[in-house]
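Subject: A structure for you to look at

Dear colleague,

I am passing on a structure that I would like you to open beside this message.

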Amino acid sequence: MFESRRKNRDVFNRLLVVSFSGAPNTLATSSEISPIVLAMGAAGIALFFIGMLVAKEEIAEARGLDKIVALSTVCFAVPLAVFGALHLFGPQFVRNLVPAYMPGRLFWVYFVGCALIAASLSIASRTGVRWSGLLFGIMMFLFVAMIHLPGALARPNDRVIWMIVFREMSFGGAGWILAGNAMQGGLGPGKRTLITVGRVLVTTSVIVFGVEHFLHATALPGVPLVKQMPAWIPGRVIIDDVTGAALLVAAGSILLTWNTRTVATCVGAWILLMVLVIYGPVLIVALSDPGVAVKVEGINYFADTLLFAGAILALASATPRSDAAGVPLIVASTTSVRGN
């Protein structure tokens, strides 16, 4: 029995060495589970349980759609843990994203991985979110400025790169919304600025993604990137049209400050439903593929869209409940603060 355990441990160690050596094709031919995939899955599951444990009282006390809003931190924290695990266990997948002029490129990969894990734990446990949300947002904006925007400007006709720019901006904006929500002491200048900037960034991305769903009618819903919905999914065009329309309605509701909390919550819930019924099966198919790169791609798409759902729900959480009745945002916010 001990000999069998020793052999299993040796196999795992060999796979771990291979994963860090930058040879995913070798892993693809192995019948063992890749440590990269295992780490990403374990990190996501662990943060899901931590987040749900912390949020269970809020979920139980919430009424109606606010139960969905209470899931915003869980939807946000789980993907960060997944991406952090990818940086730590599969650096070969992200190392080339670090600009060539940066010294110690591998160091920055591990640094970002640790930062993402720390942010996910902070947000899931709701501890120090004013700092983790703020720093996460800054990190996303640095990614846009240093990596994605230069690539988009170099290839202005590349639709996908621009989608990544807006995606990262929405994630950073949502991080600032969470940070603003976590600040105490009413609607001070710092809190107001973070939430306002975050709302603008998330809303801009929502508009762009809404339009893109009508222009690319079979892209996976939520964040329309390269991957298309599999042919076996019924009503692909209808799903994309509904998603695009929902995103544009949400954007209009935010801009007009009319029923914003209700509409944003419903759209966030729709994206969350797409994660479960569309991205879930796509993820299962990807995990059944022998290639590690395919598995990682499937997990990334699932986590990306879950994070986008969390961004929309974070925006909903920053909207006063009185806004659901059509009260202008600034008036509602001021009233809510004075009432406290």
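The notes below cover salt bridges, a pair of helices and a surface patch.

Please keep in mind that this is a predicted model, in which local features need pLDDT of at least 70 and side-chain atom pairs count only at pLDDT 80 or more, while totals for chains, interfaces and linings use all residues. Residues are numbered from 1 along each chain as its sequence is written, and side-chain values use heavy atoms, with hydrogens and water left out.

I begin with charge pairs. Side chains of opposite charge can pair when their charged atoms come close. A search of the whole structure finds 7 salt bridges, each being a side-chain nitrogen of Lys or Arg within 4 Å of a carboxyl oxygen of Asp or Glu. In one of them, Arg126 meets Glu58 at 2.2 Å, N to O. This pair links distant parts of the chain, 68 residues apart, with Arg126 in the loop between helix 6 (105-125) and helix 7 (129-154) and Glu58 in helix 3 (residues 35-61); helices here are DSSP runs (H or I, at least four residues), numbered from the N terminus.

Another salt bridge joins Glu212 to Arg159, with the closest N and O atoms 3.2 Å apart. Because Glu212 lies in helix 9 and Arg159 in helix 8, this pair ties together parts that are 53 residues apart in sequence. Glu212 is buried, with a relative accessible area of 11%, where buried means under 20%, exposed over 50% and partly exposed in between (1.4 Å probe, protein chains only). Arg167, Glu168 and Asp304 are also linked, in a network of salt bridges.

Next comes the helix pair. Helix 8 (residues 159-182) and helix 12 (residues 292-317) pack at about 40°, with their axes 9 Å apart; axes are lines fitted to C-alpha atoms over the stretch in contact, and angles run from 0 to 180 degrees between N-to-C directions. That angle makes helix 8 oblique to helix 12, since angles under 35 degrees count as roughly parallel, over 145 as roughly antiparallel, 65 to 115 as roughly perpendicular and the rest as oblique.

Finally, there is a nonpolar surface patch of about 810 Å², whose residues include Ile207, Phe214, Leu255 and Trp258; patch residues have over 30% relative accessible area and no salt bridge, and nonpolar side chains (Val, Leu, Ile, Met, Phe, Trp, Tyr) are joined within 5 Å. Helix 9 gives the most to this patch, with 4 residues.

With best wishes

How values were computed
Patch = residues over 30% accessible without salt bridge, like charges linked within 9 Å, V, L, I, M, F, W, Y side chains within 5 Å. Areas by Shrake-Rupley, 256 points an atom, 1.4 Å probe, with all protein chains shown as cover. Helix = DSSP H or I, 4+ residues; strand = E, 2+ residues; numbered from the N terminus.
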